Amino acid sequence: MAGSALRRLMAEYKQLTLNPPEGIIAGPINEENFFEWEALITGPEGTCFEGGVFPAKLIFPPDYPLSPPKMQFTCEMFHPNIYSDGRVCISILHAPGDDPMGYESSAERWSPVQSVEKILLSVVSMLAEPNDESGANVDAAKMWRENREEFNRIAERIVRRTLGIPT
Amino acid sequence: MRAVGVSLISVALTTIVIANAYYQKKQFYPSVVYITKSNPSMAVIYIQAFILVLLAGKLTRKIFFGQLRTAEFEHLMERAWYAITETCLAFTVFRDDFNPKFVALFTLLLFLKSFHWLAEDRVDYMERSPVISWLFHVRVLSLLLVLGSLDYLFVQHAYLSTMTKGASVQLVFGFEYAILLTMVVNIAIKYILHAIDLNSDTPWENKAVFLLYTELIMGLIKVILYVAFVVIMVRIYTLPLFAFRPMYYTIRNFKKAFNDVILSRRAIHNMNTLYPDATPEELQAADNVCIICREEMTTASKKLPCNHIFHTACLRSWFQRQQTCPTCRLNILRTTPTNNAQQQRQEQRPRAQPVPNPFVGPNPFVNFNPFQQLLNQNVPNPNVQAPAQDANQQGGTPNVTPTQNTQAGSSTSQQQANVPPFGMPPFMPFPFFPFVSQPPVPPQNLRSLSPEELRRMEGNERENVEARIQCLKNIQVMLDAAVLMMQQYSASVAISATMPVPQTASSTPESTSTVNTETVASNSSPKDNVTTSTSTVNNILNSSSSSSENATNSNSPSDNKIPSNLSAEEELRRRRLQRFQQPAEQQQ
């Protein structure tokens, strides 16, 4: 019997393949290594990220699901809760105890009950509704709050870039 | 590509050097002497040797590991840099016998170390790899065998050389290889555990526990080795700076393993004692899937107090990190102890009830000024007492009025001096007598408060606040009455003990009746006395019935707060009143 982390990841992969949530594709990059996943997230409708397809990488720890995975967008992103190197900063990805921004209640932190699907759905809703209080990208947070038009313009440029359409 | 280029250049250089030597000396032996005498040639030869070692390393790696994963490679590089710097530090300690052989030995050590690291990473990865081929097992087993025997040989060699030739650099090697040997043992144990788990059809739940203990024991052995090494090095050479970083990490890992074992034991203990096994019916009702591992629960599942069900093994590993329910985040450890505490409290309460605290805790006699009493009334006069008590019973307040003004600091002593209840003997021995009969117990619930009174105390308006303050004042009156009662009681006990009966006989007829009965009563039993004073307090209670419930409420928390000293009590009261007055003032 393989390790529990591997079995759980396999189960989640199976679940995601059988019942994929709308606008989300995810799976291991290489089926020999289930601890590195690739995900494609479609920008939620009715937001400035609408229409975009954003690739991201998920790295799972050996003790998954006791510890949360790390998620990093592999395309250019401009969003208050995404660091400039693409790392995603949302509370569901933080184990209780570490709180990089000091804003999160432990109720919304990682627990083994969470799953890849829930993480990706949270990221979709994060794209739709940025939390400008815990800014991983301060510039984006400031722009989101003060100059929404400029923010939308940058978001649209990113969306076009992910689709390969020249801007 | 670059590596290939570098090795080609190196080979070319070596060929040139050898060709040059051979061209000049024409014979084998003179050419070798020529090369060893010429520094540039030796440099080229050393570089070539280094590159050959690297190539050999790559070849061995290919044989034993195949393609390295990115994570493995990064890990290797990171550790290699640390090891190289530490080796350079070690050179400084043994700079006296710095020679090519010495460098070669250190290079070999590094070389073997890197294979230990790789083997460790590989075996750790076993658990996470979906496919384990037979090739993997062959590779790992042979590698462990080779590494283990090499380590053993080197340790033995170092030991023998130290024994025969005395302490030398072999000490460091012996120690380093001993550490590596423990590492090999650790990896082998892990490998065996993983292999057993892989070959079983059901998840092996206790594997994590075995791994924890392996980690703990190996950590302990390593810590002991490092400490011994540092002690020996300090005694023979100097402080081994190069061993400090690995020693620190080893100690840290050991500490972590130790904590893990403790946490794990605690989690197992909690699960075995606190949480019941889930019954098959409960499992079926709850979807039958453990939400931690997403697998069916057929055996060994536990139900938490919040009714969530998980695999025992999954819960154990989670509780090792956090003591919360994974689903609802109920703090498991916190809920159970409080339950216990509450139970204990409930058990204690009935025991404590026969002696209600408010009347027992403070000793009201501490503050008495016996000299003042001595001045005022040398002989306790029963004449004075009777009216005082009458007044007490009728008006219910003459004794307590002074306390109602907030500046009551001195009022108690004055009161005692002016209206001594039952004639206080000048020097009281101040014994403490527990109540023989029950003191007045104020009503226990709010029902005795009329709706009107309740309404009066709600809200933030001035009159509401005043009503509340009034209520608190009533409580104060009750407390004072209780204190007085206590004083009367102990005074009467004192009288009964000290006062001769004839003195009462000489008093005026009207009062004799009461006093006679009093003294006789107190002579016979102090109970009656208390009942009279109880009635006094009951009068007050009736007059201030609105405060009854609040009295109990405010009494209970202040049970232990009431200072043993009356003036401090007054001070406390004054402060409380001020606190109540402040919001009232702010309201306006």
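A caution to begin: the model is predicted.

Overall make-up, then. Chain B holds 23 helices and 4 strands. It runs to 588 residues, and 41% of them are buried. Now take contacts between residues at least 6 apart in sequence. Of these, 71% join residues at least 24 apart.

Next, helix H6 of chain B, residues 134–165. How far should its 32 residues span? At 1.5 Å a residue, the answer is 46 Å. The end C-alpha atoms are 46 Å apart, so the two values agree.

Which residues of H6(B) are buried? Among them are Phe136(B), Val140(B), Leu143(B), Leu144(B) and Leu147(B). Further along, the list includes Gly148(B), Asp151(B), Phe154(B) and Thr162(B). After H6(B) comes Gly166(B), with a positive phi near 85 degrees.

Now the second largest pocket. Its space is about 1400 Å³. The lining counts 37 residues, and those closest to the centre are Phe50(B), Val53(B), Leu54(B), Thr107(B) and Phe111(B). Which helices supply at least two lining residues each? In chain B, they are H1 (2–25), H3, H4 (70–93) and H5. By class, the lining has 27 nonpolar, 7 polar and 3 charged residues.

One link to finish on.

Notes:
Residues numbered from 1 in each chain as written. Chains lettered and ligands numbered in written order. Predicted model: local features only at pLDDT ≥ 70, side-chain atom pairs only at ≥ 80, totals over all residues. Heavy atoms only, no water. Buried < 20%, exposed > 50% of the residue type's maximum accessible area, 1.4 Å probe, protein only. Contact = heavy atoms within 4.5 Å. Expected span 1.5 Å × (residues − 1). 1 Å grid on protein atoms, 1.4 Å probe; cavity = no way out; pocket = protein on both sides within 12 Å on 5 of 7 lines; lining within 4 Å. Points joined across faces, edges and corners; volume = space filled by probe spheres on them. Nonpolar A, V, L, I, M, F, W, Y, C, P; charged D, E, K, R; others polar.
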